[in-house]
Amino acid sequence: MTYLAKPRLHHPSLERNAVGYTRRDYEGKVSTLCAGCGHDSVSAAIVQAAWELAIEPHRVAKLSGIGCSSKTPDYFLGASHGFNTVHGRMPSVLTGACLANRELLYLGLSGDGDSASIGLGQFAHAMRRGVRMVYIVENNGVYGLTKGQFSATADRGSTSKKGVPNPDAPVDLVAMAMQLGATYVARSFSGDKAQMVPLIKGAIAHGGAAFIDIISPCVTFNNHAGSTRSYDYVREHNEAVSRIDFFDPAPAVQAEPAPGEAIDLPQPGGGTMRLRRLHADHDPTDRVGAMNHLMALHEQGEIATGLLFVDPAARDLHHALRTPALPLNRLDEAVLCPGAAALARLNAALR
Amino acid sequence: MTQRVEAVNDFVVKFANVNGSGSASANELFAKAILRMGVPVSPRNIFPSNIQGLPTWYEVRVSEAGWLGRRGGVDMMVAMNPQTFAQDLAEVAPGGYLFYDSTRPMPDSAFPADVNVIRMPVTAICNATYEDPRQRTLFKNIMVLGALSALMDIDAAVIEKLFSEQYRGKEKLLESNVRALHAGREFARDHLCPPRGPGLGLRVRRAEGVGERIFVDGNSAAALGCVYGGATVCAWYPITPSSSVAEAFQKYCEKFRVDPATGEHRYAIVQAEDEIASIGMVTGAGWNGARAFTATSGPGVSLMTEFIGLAYFAEIPVTIIDVQRGGPSTGMPTRTQQADLLSCAYASHGDTRHVLLLPQDPAECFEFAAAALDLADRLQTPVFLLSDLDIGMNQRLCPPFRWDDARRHDRGKVMSAEALQAGQPFARYQDVDGDGIAWRTLPGTHPSKGAYFTRGTTRDPQARYSEAGPDYVYNMQRLLRKFATAATLVPPPVVKPAARQTRLGVLYFGSTAPAMDEALHTLAGQHIHLDAMRLRAFPFPASVAEFIAAHEQVFVVEQNRDGQMRRLLVDELEVDPRRLPSVLHYDGTPITARFITQAITERVLALAVAPQGARP
């Protein structure tokens, strides 16, 4: 984190996207998170993805719960309306907002405490309902903002900064999402921007609820020996199952996963690290196959990253509710109010 | 000689049934038939927290004078549930009537001398008439209805017309119901009515007492008010006694809000996973400019309090319909009470205050539901419609619904793209004109102006996070100014001055109203005069404090244990509590006129002996 104000002038050579915006137009305020926090990388990936997709920043609504990850919407898309709701309840507020205006893009930012403990129910029902949203959990296995308690995704046996082991089994949000019928399920790592950006772009374009669990190490409370969410641990145990290069639907270019390919991860203190090995034969449209693969890797203590499952034909809650193309928040008395004559007929039927 | 209650168009009949036996529709026919003969009727269900097999009662007050509250006392008990026979018999007034199924006859000694017993072997008749066990149960109640109609001079043609409306297109059902009705009438004529039997002293005679009024339940009315009020989003969770609000809203939306050309739904109703998700969705929708509401009861409001605090502090329009029931905790799910006043008025931690609307009947449920949606948008705050089980789940005679086609929904201070583009200054939490209400913008309005962060945390007037003391205090003081503005916008109280000058007053609200109207009349007949003020909202407009100041003693009549309205009055208006004696009824049944009359009479007599309060 720095205390420098962001420069207001843009360099004339900053590239503009198809709607005429530079990358700066997608940024937010200066982050107040700890230096080296994984969440800041996720914010940067969101900025990149939105810029590449040429989304108009004000046509995004960004919502979050409470926690370090929930602070991040302030640090990207400064021209969008944001809503920091209450702990664990972002999905319901986002659902209501989405119902009111189907024309905006909805980003839901959350953490593992926010979504796997208090918010587990709302997470599950958002997946079930298929609200059209990008649901990102920035997962560090710890309650950062309240100073280092375990979250429900912390692995059994992993230790806290003070050496206390976690006795409970972990919640795997990705596995839950798959079981609940979610139609876009992915996992990534905050240090792997090349993997994150296409996943986020794919999530934005997706027709239903898109869930991305992003391992995002906490440098202050969880990035120590014994933590299974540290940079070291994830580096050693991660296995990328698919790599997507996302492009706009118009140009029909598709990247094929290449076996044995790896990407470099930045480490705190310098150096790079190899993270991803691709599975050439992973079929992201096979839900059962994906779930089996996840369980198998879990048994080996490994984390699969990439696009685990997608249903390209998925549709959302608006479709199920048959709402009009014109957003509900723009309908007025003329169509909403049945009128005095109809009321007189109702009265007559009640006598 | 046995005394007999003799009354025309002025009595109370109570039906004791087993729930799930089809009694509810037969009982409703009884009430509606009398209504159609021009005599005001007010029926009340007293039903168990169960689906089938437990006792349920239906108490019908017939009153040509138009008293629609519970009177107290029962003139005729139609005792169709052996389980509750003893207590039902005990409720019959001296000289009253007990009608029972004499298939298993009871000896005369089983009945007190001052009860007139009317015997009909209903089960035996049904078993002789029908083979199918379901028909044997269902038509029992229709046969009883038939017998009662003959005894009480209820016009058979009126009942037949009701059947034809109910069973339109179902000729077979219509025919069998009519047959059962006439079988009951024949039995009564042959065995019960004069000259074959002593008959019944309770009679119905055609009158002109109903007028243009409609007969509808409060929950349906509230739902219709939400339709007319422009609600497009409803998120809810089932709970007794509010589920029928959302269900009625669904029904009305299907009728009124479907685009005839495209079949699209101009509404979104979500049955959420719990009350927290419900209020969360309403909050998100309200934030994003759609009129949204939820319907729940006390336990649901408890769950919602965190979000209510968020909506209060972040200033988001949210409408909550609370159909109150017996508390605390799970309490009495199928009984009425007015016990959520404090938990709604002050919902959530920290310094909060919320707007409450207090309808007295379904007509006001309709009117106030639409008003709540306007007020929520105008004030950018949670607004509660506090109904209760008595109003919500019983059909009540009330003025017809009214709507002015020229009326526009008040969307409040929402800054448009044009205004932003023209350079109108925007600061989300700044008071610009003294009413305490700031301007807001909706997401997606303008490419570079008007965006801000909504949070439950403290802020400066530009919506930037700020822990500075003065910023926080400014914000909190502005919220108080906003609440003071609310007092000028909410439905004002209704005053009924006494016929004589008096130092005594009474304050009441909601479902107490019909019983209070009658009690005031009775008390005046006993030369006890009270000026009455019916409260219709919180915060209290200035006239409430003035009313209290103008009287020595003002009784506060309410249906809860702790005198919650009295507490609100004392706290908010800084009134000496000794000027506000409580009259409390809270056993879960709707308050009766006799209860109010007796309570006030006792207290007034006590005051006559030992006057209280400072003389002005």
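At 23% relative accessibility, B:Arg378 counts as partly exposed, a class that sits between buried (under 20% relative accessible area) and exposed (over 50%), taken with a 1.4 Å probe on protein chains only. B:Asp410, at 25%, is partly exposed too. The two side chains meet in a salt bridge, 2.9 Å from N to O; that term asks for a side-chain nitrogen of Lys or Arg within 4 Å of a carboxyl oxygen of Asp or Glu. B:Arg378 belongs to helix α12 (residues 362–379) of chain B and B:Asp410 to the loop between β16 (395–398) and α14 (417–421), 32 residues apart. Helices (H or I, at least four residues) and strands (E, at least two) are DSSP runs, numbered from the N terminus.

A word on the ground rules: this is a predicted model, where local features need pLDDT of at least 70 and side-chain atom pairs count only at pLDDT 80 or more, while totals for chains, interfaces and linings use all residues. Residues are numbered from 1 along each chain as its sequence is written, chains are lettered from A and ligands numbered from 1 in the order in which they are written, and side-chain values use heavy atoms, with hydrogens and water left out.

Over all chains, the search finds 44 salt bridges. Here are some of them:

| Pair | Closest N to O distance |
|---|---|
| B:Asp390 and B:Arg44 | 2.8 Å |
| A:Asp74 and B:Arg455 | 2.6 Å |

B:Asp390 lies in helix α13 (residues 389–392) and B:Arg44 in strand β3 (residues 41–46) of chain B, so this pair ties together parts 346 residues apart in sequence. B:Asp390 is buried at 3%, and B:Arg44 is buried at 3%.

Now for the interface. Chains A and B bury about 5000 Å² between them, 62% of it on carbon and sulfur atoms; that is the accessible area (1.4 Å probe) the two parts lose on being put together, summed over both. On the chain A side, A:His81, A:Phe83 and A:Arg351 lose the most area, together 15% of what that side buries. The contact (heavy atoms within 4.5 Å) takes 53 residues from chain A and 65 from chain B. Three salt bridges cross the interface of the two chains.
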